[in-house]
Amino acid sequence: MSGQSITDRITAAQHSVTGSAVSKTVCKATTHEVMGPKKKHLDYLIHCTNEMNVNIPQLADSLFERTTNTSWVVVFKSLITTHHLMVYGNERFVQYLASRNTLFNLSNFLDKSGLQGYDMSTFIRRYSRYLNEKAVSYRQVAFDFTKVKRGVDGVMRTMNTEKLLKTIPIIQNQMDALLDFNVNANELTNGVINAAFMLLFKDSIRLFAAYNEGIINLLEKYFDMKKTQCKEGLDIYKKFLTRMTRISEFLKVAEQVGIDRGDIPDLSQAPSSLLEALEQHLASLEGKKVKDSTAASRASTLSNAVSSLASTGMSFTKVDEREKQAALEEEQARLKALKEQRLKELSKRPSFATTDTSPISTTGGTISTAPAIDLFSTPSCSNGAVKMESDLFDLQSTFQPSMQPGSTGLPVATAWAGYSTPQGPPQQSAGGLQVDFESVFGAKAAGSNSLNSDDISGGILKPTLAGSNQASGQLPEKLVSDDLDSSLANLVGNLGIGNGTMKK
């Protein structure tokens, strides 16, 4: 099967509709294509682990959900994507995986769709076991052995005896799970299993480097330990020798599949005389009869063993540093390519030349020095009328009511919520409507005849529709104010008369 399946496209489309970019990318990284997950999808998911607003449990659950697929390709690529995020993603991702009681339950996985499915299912079961063990190791020690600080002042070299005897077995368990992948060069037949093997290869180098430093620290403390501690230490060292043989075989497979020889560390075996010296020291603590050995010879043997293991550690460190340098150069090359692409895009854009009328032209044309209009300044007044500096604000004439023949004397609302006093009342016919609201509602006081337009209300509450050159004090015929209903009826009648007059 090659290319994305219909199921892949439908699933990606569903995540597009729901707006889940993370789930969509997980789907694209774990398609049915028989190839490793694409780098652009892995890089995006790594970026997501570094974003605080990304839900890490949701990301992990999306990967777990993909491992429930029946296709070995989808399941294998889901494991590879998870492993990649554990190695290169933010530590929050590993912390979440370590906090879960169970991760991948694939011990019985089997793809019966074809012969290749049977073969790859075996490696899927082994690979999932390693990832589970990697998460358990983090839960037990609260750090990743493949990322721990190394060197003379590293974590494993400075650990005290009690903690060291508890920590090294954890590394051994993780190393066993990794080496149990147990693949041969002729079984690395497709891009999926090759991608998994490369991640395991890099983990094996870093994990064994931490393992090696823990053994150096153990040997330096061995002859000062108590009897029970020496017994544990001797057992740990014997297991270390066995795993050193297995890691050598694993690295040979890496060399056979084309990994550069410079990327494979050299393993230096400790002298066999060291094991004999350790056993004799334990026997002496147990009261058994042993060969006499001087402290000088014992110290010499220990020194040679530590020197041999230290050279192995240096070899692992050089390989790790070379990988980091290669990754840095790759990133710099990628940034350079992006920069060149960006410059190329900018060069293709049309340039906008300045003209004589362009506001940024200072040679062919002149720059206007007229003061800019301040749209929010307080308007200046002259002779009781508002003077606007721009025709944009001279809009009140368009808002004159068509059904109102005369001016009310009220300030007129402008388009910008300001008020201006009309400069003069418009002309109207002599028969225009004039209404005395005070007589209508019976609110006219006895002494109101003596009030003029300068009363306490300023005439605002007494709108009048005065005719041309007609005094504002003239009133129309009085309406009956004794009864409200009849007064309103007369008012409506006068309105009808007024409208008739207007129509004439």
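Leu115 counts as exposed, because its relative accessibility is 67% (exposed means over 50% relative accessible area, buried under 20%, partly exposed in between, with a 1.4 Å probe and protein chains only). The model is predicted: local features need pLDDT of at least 70, side-chain atom pairs count only at pLDDT 80 or more, and totals for chains, interfaces and linings use all residues. Residues are numbered from 1 along each chain as its sequence is written, and side-chain values use heavy atoms, without hydrogens and water.

Leu115 lies in helix α7, residues 115-141 (helices are DSSP runs of H or I, at least four residues, numbered from the N terminus). With Leu110 and Tyr118, Leu115 forms a nonpolar surface patch of about 320 Å² accessible area together. Such patches join nonpolar side chains within 5 Å, from residues with over 30% relative accessible area and no salt bridge. Accessible areas come from the Shrake-Rupley method with a 1.4 Å probe.

The whole structure holds 14 salt bridges (a side-chain nitrogen of Lys or Arg within 4 Å of a carboxyl oxygen of Asp or Glu). Arg100 pairs with Asp61, with the closest N and O atoms 3.2 Å apart. Arg100 sits in the loop between α6 (91-99) and α7, and Asp61 in helix α4 (residues 56-66), so the pair ties together parts 39 residues apart in sequence. Arg100 is partly exposed at 22% relative accessibility. Asp61 is partly exposed at 37%.

Arg261 and Asp266 form a salt bridge at 3.3 Å, N to O. Lys288 and Glu286 meet in another, at 3.5 Å. Lys288 is exposed at 53%, whereas Glu286 is partly exposed at 35%. Shared partners join Arg129, Asp180 and Arg246 into one salt-bridge network.

Conventions: Patches are made of residues with over 30% relative accessible area and no salt bridge: like charges are joined within 9 Å, nonpolar side chains (Val, Leu, Ile, Met, Phe, Trp, Tyr) within 5 Å. Helices (H or I, at least four residues) and strands (E, at least two) are DSSP runs, numbered from the N terminus.
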